[in-house]
Amino acid sequence: MIRYFVLAFLLFLCLFFHNVSSAQQPDEPETVISELASMLSSDRVIRTSRYVDNLRESKASLADVSYRLEKLAHRANLWNDQLLLNHVRFHQITKRGFQSALAPDDIIAVFDSARTYFENRNDLRYTGVCHFYIGKHRYEQNQYEEAFYHQAKALELFRAVGFDKIPEMGKYLHVMSINNLYFHNYQKVVQLMQSAIRLPPYNINLHVQRYNTLAIAYENLNLLDSAIYFFKRTRDIAISIGNPTWPYIAIGNLGSVYQKQGRYREALNMMMQDYINSRYKNRHPILARNTAIGIASIWQRFGQPDSVLHYLTISKELNTLVGNSEPMWQQQRDRKFYLNYYQVFHDYYKTLGSMAMAYNYLDSLTRLRNETNLLYNKKDTRLGEDRLKIQQQLADISAQQADKKRILTRFQFILGVVGLLVVILSLRYYLLRLRHSKDRMIAEKEREIQLELQKKTETRLVQANVELEQYMHHLKEKSELVETLRQQIDNWRKLPDLENQQLDNLVNQLANIKLLTPDDWNDFRKRFNQAFAGELDQLKLNYGDLTVAEERLYALEKMNVSTTQIAWMLGISKESVRKARYRLRKKINLSED
């Protein structure tokens with residue numbers, strides 16, 4: 001019994017405050033624009049969305065809505081705020097759908113047309129928003145399966161976009177949570193509300209409610225510690241924003257959880273606070289009625305029949321202030337109240353020993369419970385039938401789309417083959433052109449390299465010849481200097497005053513001077529090979545038995561050095577030079593010049 005009461009009570013609290021809006025007239029556009037000027041782009045979207053909600057609640061005319069939205073669009077353009085501009089344009093496209101005087105099917109048609117518009121532009125965000133509003137209005141028409149289908153599509157698209165990229169996402173998540181809460185899909189409620197509390201609040205009221213809704217889901221899943229935590233968060237947030245009602249609602253909700261845990265004194269204390277506030281301060285007869293039933297059930301636990309009867313009587317009196325309920329969630333709320341009312345009265349008369357009265361209330365309780373179960377069985381059956389209809393419609397649509405897809409696939413295949421052939425031929429032509437171009441570039445590059453090498457070789461050859469001529473010139477100068485000294489010595493020998501022995505010693509020293517030393521020869525050989533393209537190395541390769549002395553003689557003769565100079569350079573006699581020249585020419589088959 002208490003579980004039914006708690007569900008009815010908490011469900012009522014959540015849904016009762018869900019659509020509460022201020023009764024004041026909507027703000028003037030200039031006032032809203034002034035507020036938007038200092039906001040971030042995401043906050044502007046949230047404020048604009050709340051503004052449109054207020055226009056709908058105040059039943060503003062279509063012309064008035066158009067005028068206000070045009071002003072907002074103009075300002076968004078001036079601010080270069082694309083996020084806000086897109087949001088205003090969505091409302092401009094769907095403004096007729098926000099007119100409460102319009103027939104429900106016409107409202108759905110507006111959003112369905114807008115959905116096609118945004119789908120064609122691959123705008124996932126506002127395609128999802130259109131699905132959301134279609135689902136919302138289907139739900140209000142009790143077409144639950146279609147409602148959940150469109151809300152599931154909306155959720156799928158929202159996830160693809162990213163919840164954090166949709167500023168007003170908290171509003172959509174809360175509505176979908178409430179719808180799932182009615183059908184007892186508590187795990188889904190937890191999933192949606194956990195996402196919602198990580199996002200910026202849509203408004204102050206929903207900021208409090210999202211924690212309360214999450215706590216309700218946890219309580220019905222019997223995760224009482226989590227329920228207590230989030231009911232306390234609800235109370236703390238409500239106090240922080242100065243809300244006069246929600247702190248007491250949260251306290252009453254905590255009382256219901258403590259009652260489940262058997263903490264009856266704490267539960268009674270909290271419910272009494274909620275009851276006093278709802279009945280005397282803020283005057284919410286429905287809230288006070290449901291809390292009174294809870295208090296009566298706790299007094300029943302304590303064995304206080306007078307108190308039980310007192311609060312049962314109060315709940316009955318308060319119930320007369322509640323009118324007939326049309327929306328399904330309100331009907332559910334009232335049925336839950338009567339179930340708890342009959343249950344407590346049954347327990348009360350049973351405790352007093354009045355079994356006839358206890359039986360009467362038990363009979364009323366059983367009858368109402370059976371009617372409720374039957375009602376929900378019918379709704380479940382209708383939900384299943386709606387699901388089958390939608391599945392059939394989706395199957396028909398899928399078949400049509402499959403046929404179109406097959407035709408499109410064949411056409412695309414033909415186009416693909418033709419395109420592939422064009423690409424292959426074009427690629428082949430391009431590769432041939434590229435290969436010819438590459439071959440020309442390679443040939444041109446090789447010619448440039450050969451020319452460069454030839455220039456460098458010629459330059460090195462010229463330089464080597466110059467260096468070799470300079471080297472030979474220095475050797476000749478050195479030879480001439482030695483010859484001049486010898487002649488001077490011969491002249492000095494004719495003078496009577498000089499001693500012939502000293503001159504003889506000087507002559508012997510001059511005779512022993514070699515103009516071409518081993519180091520000189522290595523340097524000379526290197527320069528010679530550079531000037532004559534490695535001729536000495538090639539000669540040595542062809543005639544392996546060629547001596548170093550023969551190499552020197554060959555090189556000096558190649559440079560047209562006279563026999564006398566060769567004799568001086570090699571430190572041998574002229575006769576030895578002639579004999580060596582003869583043997584060399586015979587060895588390498590050179591003819592006499």
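This is a predicted model: local features need pLDDT of at least 70, side-chain atom pairs count only at pLDDT 80 or more; totals for chains, interfaces and linings use all residues.
## Cavities and helix packing

The lining of the largest cavity holds six nonpolar, two polar and two charged residues.

**The largest cavity**

Rolling a probe the size of a water molecule over the atoms shows where empty space is left. Here the count is three cavities of 30 Å³ or more. The largest cavity contains about 60 Å³ of space. Its lining is made of Val52, Leu55, Arg56, Ala60, Val65, Leu69, His91, Lys95, Phe98 and Gln99. Two elements give two or more residues to this lining: α3 (41-57) and α4 (62-79). The largest share comes from α3, with three residues.

**The second largest cavity**

The second largest cavity has about 50 Å³ of space. Around this space lie Gly170, His174, Ala196, Pro200, Pro201, Tyr202, Leu206, His207 and Arg210. At least two lining residues come from each of α9 (169-182) and α11 (204-220). The largest share belongs to α11, which supplies three residues. By class, this lining has five nonpolar, three polar and one charged residues.

Two packed helices are described by the angle between their axes and the distance between the axes.

| Helix pair | Angle between axes | Axis distance |
|---|---|---|
| α9 and α10 (residues 186-196) | roughly 165° | within 8 Å |
| α4 and α5 (residues 82-94) | about 160° | 9 Å |
| α2 (residues 29-37) and α4 | roughly 30° | within 10 Å |

**α9 with α10**

The axes of α9 and α10 cross at roughly 165°. The two helices are therefore roughly antiparallel to each other. Their crossing is left-handed. On the α9 side, the contact uses Leu173, His174, Met176, Ser177, Asn180 and Leu181. On the α10 side stand Tyr186, Lys188, Val189, Leu192, Met193, Ser195 and Ala196. The contact of α9 with α10 has eight nonpolar, four polar and one charged residues. Two names return from the second cavity. His174 and Ala196 are among the residues lining that space, and both also take part in this helix contact.

**α4 with α5**

α4 and α5 pack at an angle of about 160°. This pair, too, is therefore roughly antiparallel. The crossing of α4 and α5 is left-handed. From α4 come Leu69, Glu70, Leu72, Ala73, Ala76, Asn77 and Trp79. They meet Leu84, Leu85, Val88, His91 and Gln92 of α5. The classes in this contact are eight nonpolar, three polar and one charged. Leu69 and His91 join this contact, and both are also among the residues lining the largest cavity.

**α2 with α4**

The axes of α2 and α4 cross at roughly 30°. That makes α2 roughly parallel to α4. α2 passes α4 in a right-handed crossing. α2 brings Pro29, Glu30, Val32, Ile33, Leu36 and Ala37 to the contact. α4 brings Tyr67, Arg68, Lys71, Leu72, Arg75 and Trp79. By class, the contact of α2 with α4 has eight nonpolar, no polar and four charged residues. Leu72 and Trp79 of α4 touch α2 here, and Leu72 and Trp79 are also in the contact with α5.

**Drawing it together**

α4 gives two or more residues to the lining of the largest cavity. α4 also packs with α5 and with α2. α9 supplies at least two residues to the second largest cavity and is roughly antiparallel to α10.

Key: Residues are numbered from 1 along each chain as its sequence is written. Side-chain values use heavy atoms; hydrogens and water are left out. On a 1 Å grid over the protein atoms alone, a cavity is a set of points where a 1.4 Å probe fits but cannot get out, and a pocket is an open set with protein on both sides within 12 Å along at least five of seven lines; lining residues have an atom within 4 Å of a point. Grid points are joined across faces, edges and corners, and a volume is the space filled by probe spheres set on the points. Helices (H or I, at least four residues) and strands (E, at least two) are DSSP runs, numbered from the N terminus. Ala, Val, Leu, Ile, Met, Phe, Trp, Tyr, Cys and Pro count as nonpolar, Asp, Glu, Lys and Arg as charged, and the others, Gly among them, as polar. Axes are lines fitted to C-alpha atoms, for helices over the stretch in contact, and angles run from 0 to 180 degrees between N-to-C directions. Angles under 35 degrees count as roughly parallel, over 145 as roughly antiparallel, 65 to 115 as roughly perpendicular and the rest as oblique. A crossing is left-handed if the near helix is turned anticlockwise from the far one by less than a right angle, and right-handed if clockwise. Contact means heavy atoms within 4.5 Å.
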